[in-house]
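Visitor: I would like to go through the pockets and the cavity of this model. Please give the criteria as they come up.

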Amino acid sequence: MISINWASGAALAAGLMAGIASTSALAEDTTLRISLQLPLTSHLGQNLSLFKEEVEATSNGEIKVEIYDSAQLYKDKEVPAAVGSGAIEMGVASLTRYVGDIPAVDIFYQPFLFDTEEKVRAAVAKGSPVRGPLDEAIKDTGSTVLWWQAYGGAIMLSNGGPVKTPEDMKGKKARVFGKTLGDFVTASGGAPTLISGSEQYLAYQRGTVDIGMTGVSGVKSRKLWEVMDTITVTNHADIEFIVVVNTDFWNGLSDDHKALIEAAALKAEADVRDNMSQIEASAYEAAKENGMTIYQPTADEIAAWKAVSESVYENYREKAGELGGKVLEAAQGL
């Protein structure tokens with residue numbers, strides 16, 4: 001005959017129910033860790049903060065967002081692999097960091113191709129014939145693009161005077177952040193050196209390179225006026241960052257959570273794009289206040305840069321294949 005201790009059974013049942021409830025609560029709580037190479041005070045950092053506030057508010061605390069800025073976890077070049085492998089849920093990377101897998105992404109670094117804000121906006125619009133195919137191709141790396149972050153036009157940094165024409169590039173080492181920009185430097189007679197954004201301050205300080213390329217907002221957030229004294233406003237490329245999420249992790253979220261994350265991403269994307277002109281204007285003002293010289297090239301000087309750029313386009317067509325040809329044709333039609 002089996003004797004049952006009803007009190008113990010009730011306690012066991014209560015414990016099991018508490019465990020199930022606890023497991024259910026844990027299943028509902030989601031944490032999004034995001035790796036960022038820039039400081040949180042940068043405009044990309046502030047854009048992530050906007051996303052965090054929106055997601056945590058609309059999810060009623062069910063989703064937590066943790067931002068690891070200043071390359072605490074991963075450098076810019078490490079983000080695609082870290083997110084794609086699931087080592088971290090989300091990350092921010094310069095679009096050109098995907099060039100090894102998808103050479104076509106360097107469409108935005110073809111010299112002077114996107115020379116107006118209207119062309120940039122048309123190209124980066126979600127689902128556009130330029131951006132759409134790139135977003136789809138990035139899915140093959142294990143990541144899904146949530147939104148694009150505007151970073152403005154590429155400018156040149158130097159000491160002792162501006163970089164007016166390719167003649168001023170000859171024989172100089174230049175910091176670049178992508179293969180196509182490297183081709184541009186080579187075509188101009190310089191020697192390209194690939195350096196992560198988080199490492200460029202030291203590169204300029206130590207004289208590792210003579211010339212820098214970045215967005216002017218980076219001059220402000222990284223206080224690059226401490227190591228460089230001149231900005232040449234070439235705007236020879238459009239710098240874009242993308243915020244990606246691990247695809248397997250994304251597919252495992254509930255439809256409700258996906259929807260509110262997508263809504264927050266859409267809001268963040270619009271905010272940074274709409275504020276980019278003011279962000280750049282503020283950065284130029286800060287650079288001037290901190291002693292930098294701002295040089296605007298003449299039309300003839302820009303023409304000289306364009307003249308040496310044809311080989312860059314030829315290299316792109318050769319390396320970027322069918323997808324590259326498709327997005328280049330779309331970009332030229334804007």
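Visitor: What volume does the second largest pocket have?

Guide: This is a predicted model, in which local features need pLDDT of at least 70 and side-chain atom pairs count only at pLDDT 80 or more, while totals for chains, interfaces and linings use all residues. Residues are numbered from 1 along each chain as its sequence is written, and side-chain values use heavy atoms, without hydrogens and water. On a 1 Å grid over the protein atoms alone, a pocket is an open set of points with protein on both sides within 12 Å along at least five of seven lines, a cavity is a set where a 1.4 Å probe fits but cannot get out, and lining residues have an atom within 4 Å of a point. Points are joined across faces, edges and corners, and with volume taken as the space filled by probe spheres set on them, the second largest pocket comes to about 200 Å³.

Visitor: Which helix supplies the largest share of the lining of the second largest pocket?

Guide: Helices (H or I, at least four residues) and strands (E, at least two) are DSSP runs numbered from the N terminus. At least two lining residues come from each of helix H5 (131–138), E4 and helix H10 (255–274). The largest share is four residues, from H5.

Visitor: How many charged residues are in the lining of the largest pocket?

Guide: The largest pocket has a volume of about 410 Å³ and 21 lining residues, with Glu117, Val120, Gly152, Gly153 and Glu280 nearest its centre. Charged means Asp, Glu, Lys and Arg; Ala, Val, Leu, Ile, Met, Phe, Trp, Tyr, Cys and Pro are nonpolar, and the others, Gly among them, polar. The lining has eight nonpolar and five polar residues, and the charged ones number eight.

Visitor: Which elements each supply at least two residues of the lining of the largest cavity?

Guide: The search of the whole structure gives one cavity of 30 Å³ or more, and the largest cavity holds about 110 Å³. Of its 15 lining residues, Gln37, Arg175, Gly197, Thr214 and Phe241 are the closest to its centre. The elements with at least two residues each are E7 and E9.
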